[in-house]
Amino acid sequence: MTGSTLDTPQVFLRLPTRGQQTLESVLAELRGAPTLAPYDPIILDFCAAFAQRLSRRSRGVPELQALAFWMRRAELIRLKANFEVLATEQTVLMPRGLVFHVPPANVDTIFIYSWLMSLLAGNRNVIRLSSRETDQMNLILDVLNETLQEESFELMRGNTVMLSYGHDRDITTALSLAADVRVIWGGDRTVATIRQSPLAPHATELTFPDRFSLAAVHAERYLAETDDQHRTVAEHFFNDAFWFDQMGCSSPRLLVWVGEGAAVQQASQTFFAHLQVVTQTKGYQVDTATAINKLTFAMRAALDHPVQRFNRLSNEVAVLPLAQFAEVRGEFCGAGLFYQLQCNALTDLVPHIERRDQTLSYHSFEPEELRQLVVALNGRGLDRLVPFGEALNFNRYWDGHDLLQAFTRRVYLQLENK
């Protein structure tokens, strides 16, 4: 499907048209595409139309419904207001130019969030998609293409190119040298590989390497809640952990219980019993190969880490309680396997948090407790602290970056004194 020759590198276009095309012609079209001002009304109209159409077409697919909800016009207007306050009397906000996105293959909606933030800032965008086609990605591309075909969005058609190609460094280098910003998602190995291709001297780069995320619950406060509240907590946690099969960078892998031993034991049993029911209600299942892989991974983890026992509730949910904090980052099987740890206080985590730790999703903590944790960490790690149910929700602030600022150039304007 994709390939290249030495003289005329070829890419496979996925949007705005579909088919083989030379890289040279793709770059020429991008350079000639009309530019739009940040938050131009036509950009807002296009995104809102895309979100409405996606919402209708993706019923029953919660990840895409969440994406459509996030792109609704009210949210875009809120982002516009946040953007406009970045300008001052002497700085004019401008797009950076051309943004080259390399999204991950395992989370097939992240490229839309990255693209949207850049598009809203007025940039032209080229996105390298995995050649592995999924139903979700194809649905997104179909809806995008349908929306682009509307007559009122003619100006938008040349601003975004989505393409696929093999592991061809020459093509990556050509796209990188043409870009004003390069965005690399997908883990340490991907970042290292793409970085072998140089950027233009003026260009900037955002990287989103391998990350680790965890969750925390205050055991006694959790036990004081009602059965209905416990069910809601389990549903929120399900959304955080089981969408993308627990392989999203912000999906929790370690659940930390804060409290005394007896309370933690009771809270854990209650929590995972509710979670097991939710997985059944939602119809989440793993295939036999995944179940065996998870079992194998759990046995190996028991040998490598201070795992106290293996609590297998079903093929879908399994728990590995740890006697102490252990290095459980890195390789992971996903699909509903959770490490579990007991701490006396949330700040007991501080010595163990590393820079690669991204999201702490939490339940039943006071705001001051969370602030004390952030202050105590003092930049050691954690970029996001969010309530259960919000772990996968995209935001302009991601991995410590403000994407609205990263995709924007500030032109300094000093006026004459008269």
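Predicted model: local features only at pLDDT ≥ 70, side-chain atom pairs only at ≥ 80, totals over all residues.
The protein chain has an average pLDDT of 93, and 98% of the residues score at least 70. Over residues 1–6, by contrast, pLDDT stays under 50, and the model has 16 contacts beyond four places in sequence for this stretch.

Side chains of opposite charge can pair when their charged atoms come close. In this model, 22 salt bridges were counted. One of them joins Arg18 to Glu133, with the closest N and O atoms 2.9 Å apart. Arg18 lies in the loop between strand 2 (9–15) and strand 3 (19–22), and Glu133 in the loop between strand 6 (124–128) and helix 6 (135–148), so the pair ties together parts that are 115 residues apart in sequence. Arg18 is exposed, at 52% relative accessibility, whereas Glu133 is partly exposed at 33%.

Other salt bridges lie within a helix. In helix 4 (residues 73–84), Arg78 and Glu75 are 3 residues apart, about one helical turn, and their side chains meet at 2.5 Å, N to O. Glu75 is buried, with a relative accessible area of 9%, while Arg78 is partly exposed at 42%. Asp228 and Arg231 are likewise 3 residues apart, in helix 10 (residues 227–242), and their closest N and O atoms are 2.5 Å apart. Both residues are partly exposed, Asp228 at 46% and Arg231 at 35%. Elsewhere, salt bridges link Glu327, Arg329, Glu354, Arg356 and Asp357 in a network.

Key
Residues numbered from 1 in each chain as written. Heavy atoms only, no water. pLDDT = per-residue confidence, 0-100. Contact = heavy atoms within 4.5 Å. Salt bridge = Lys/Arg side-chain N within 4 Å of Asp/Glu carboxyl O. Helix = DSSP H or I, 4+ residues; strand = E, 2+ residues; numbered from the N terminus. Buried < 20%, exposed > 50% of the residue type's maximum accessible area, 1.4 Å probe, protein only.
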